Amino acid sequence: MPVRQLSTLLFASALMGGCTTLENSTPDWINPATYLGDNNEDGDSPLDSRETTVAAGDDELKESVESGDSRDKDARTELDEAIAPELKAAAEGARDKLDSPRQQADNDADATTDLWHRLRAGFELDHDVTDPRVKSQLDWYRKHPSYIRRVVERGSRYLHYIVSETEKRGLPTELALLPVVESAFDPFAYSHGRAAGLWQFIPSTGKYFGLTQSWWHDDRRDIIEATDAALTYLDRLAKRFDGDYTLALAAYNSGGGTVSIAMRRNRNANKPTDYWSLKLPRETTHYVPKLIALAKIFDKPEDYGIELPPLSDEPYFEVVETGSQLDLAQAAELAEVDVDEIYLLNPSFNRWATAPDGPHRLLIPREKASTFREALSKIPENERVAWRNYKVVAGDSLSTVAKKFSTTTSVIRRVNNLSGDMIRVGQRLMIPSASQNSDQYALSASQRLEKKQSRNRKGNRVNYTVRRGDTFWDIAREHRVSVRQVAAWNNMAPGDPLIPGKRLVIWSQTTQPKTTASNDRGKAMVRKVGYKVRKGDSLSAIASRFSVNVRDIASWNDLNSARYLQPGQSLVLYVDIRNSP
């Protein structure tokens, strides 16, 4: 999210040489985030960011509702990774649980015990806004009441906790509805902008707020840690903007620096500096209206012909300290719940077990917490994961053994008191491993990825192994698909690094798809540049000028290729400078 301010003009000029079709003023046409992307390595504050976060949002769920409220897997919000074909039934069962009503109150329950009563009591934002953007959102929700029902069903596991946390901090409880806008309450949601979890943190902002990532876990998806980070972030942004939560929300989406610049621009032009008067990125202009519209719906649902599913004002889960690593299938057995329920409450865990180095805790359904604690207390720590006694054979390395048993080299070294990575043929290693078959871990990261890659799509499937020097742009061009498609098919973002040896699945649109890099790959000189649309420009004209195709430009910039470009609009292009004008 945040970026460092660098002298990008000099950089771009060096790349483009005598290219006269690009503007020559840094503030007008080059966004530093275009070049630096997701950079916050030096600890720059996200409060000063000038990068808009592209969230998974609620678009897929809206499309599902518009198409007839289908629960078909193709209409659901995408997971950040997917599962193997043979695990299809298990995966669909898990997603069905996400879309199932949870802990609903009895229909005759006293309204004062309902969570909605408590949510409304903490509303502080101005719901009387007459901006047409709010009306547009309200009109859509009024026509699609099933959308509200489904986000309530998804959020029922998490809403009580989030509402409680907003109250503890003295924040407007409308903020508890923000995960609807960010992720449609899907804890596994992942956007092409590398944002993950209910609150859609990108890696750099997550790191700034202490959300760690490892092979075993990703705190950006942790219900407790991510909620704490999101509310801390929103609170700081509100203080920065003198308690104006509409500006704070805009900054959460597009960065505090972006909002401050827009305010300064209006101030210099003697215009109002409230959110509704600012010129902000397109996504941000719809971001706050969505939340206000949702708040109005949840405040007075009867005014819009919507009936909210009852939701008890009681915690859904309890936090249980485990004290050590624990196999998630075993945890489900001890708690007497499905393993899918364990993953949905503990979505930060990428693998078959909790992380060896912690956090040593699990969220367990409240009614099962005592059962789980009692059963766990009877299991010695050395029996909380399964162990394999493995004999090293010729050709083994520590990394290949770790991969075989879905663990890491550091874990094997620690368990076996190894000082380095050297192992010898015949050596015996004790290795922690999953106690159940892979179909018991349908929501683990590797299984989710495998499912996504195995899903049938239009085109010819190509199994591609990344080579040194590969770029998304090269691979996409080679197979006549978009950069975003290649990234999405493999649960990646276009800005993610491509590691040599990584296996990709590509649904190629070429007649005879290639499985290796082209001979010209090493000669390519592709650079990421910014372009400011001029009067009379069209996508086809720009594509022709820079020797790229219209579909790629639309994909890189999240555009509808059927719509007209606006003069002054900023675009990102991936240009082979050998072919640039």
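Mentor: Helices α13 and α14 are oblique to each other. The model is a predicted one, in which local features need pLDDT of at least 70 and side-chain atom pairs count only at pLDDT 80 or more, while totals for chains, interfaces and linings use all residues. Residues are numbered from 1 along each chain as its sequence is written, and side-chain values use heavy atoms, with hydrogens and water left out.

Trainee: Why are α13 and α14 called oblique?

Mentor: The axes of α13 (residues 245–254) and α14 (residues 256–268) cross at roughly 125 degrees and come within 7 Å. Axes are lines fitted to C-alpha atoms, for helices over the stretch in contact, and angles run from 0 to 180 degrees between N-to-C directions. Angles under 35 degrees count as roughly parallel, over 145 as roughly antiparallel, 65 to 115 as roughly perpendicular and the rest as oblique. The crossing angle of roughly 125 degrees falls in that remainder, so the pair is oblique.

Trainee: Which residues make the contact between α13 and α14?

Mentor: Leu247, Ala250, Ala251 and Ser254 of α13 meet Gly256, Thr258, Val259 and Met263 of α14. Contact here means heavy atoms within 4.5 Å.

Trainee: What makes a segment a helix or a strand?

Mentor: Helices (H or I, at least four residues) and strands (E, at least two) are DSSP runs, numbered from the N terminus. By that rule the protein chain has 25 helices and eight strands.

Trainee: Why is helix α8 described as largely enclosed?

Mentor: Buried means under 20% relative accessible area, exposed over 50%, and partly exposed in between (1.4 Å probe, protein chains only). Nine of the 11 residues of α8 (residues 145–155) are buried, so the helix is largely enclosed by the rest of the structure.

Trainee: How do you know whether Gln330 is buried or exposed?

Mentor: Gln330 has a relative accessible area of 18%, which lies under the 20% limit, so Gln330 is buried. This residue belongs to helix α16 (residues 328–335). Not counting residues up to four places away in sequence, Gln330 touches Ile379, Glu383, Arg384 and Val385.

Trainee: And Gly536, is that residue buried or exposed?

Mentor: Its relative accessibility is 75%, over the 50% limit, so Gly536 counts as exposed. Gly536 is in the loop between β7 (526–532) and α24 (539–545). Its C-alpha atom is separated by 8.9 Å from that of Leu565, 29 residues apart along the chain.

Trainee: Why is β2 called mostly covered?

Mentor: In β2 (residues 361–365), five of its five residues are buried. Arg361, Leu363 and Pro365 point one way, and Leu362 and Ile364 the other.

Trainee: What makes a group of residues a nonpolar core?

Mentor: A nonpolar core is a set of buried Ala, Val, Leu, Ile, Met, Phe, Trp, Tyr and Cys residues joined through side-chain atoms within 4.5 Å. The largest has 94 residues, and those with the most contacts inside it are Ile148, Trp199, Tyr252, Phe298 and Phe372. Helix α12 (residues 223–240) gives the most to this core, with 10 residues. A second, separate core of 36 residues includes Val533, Val548, Leu571 and Leu573.
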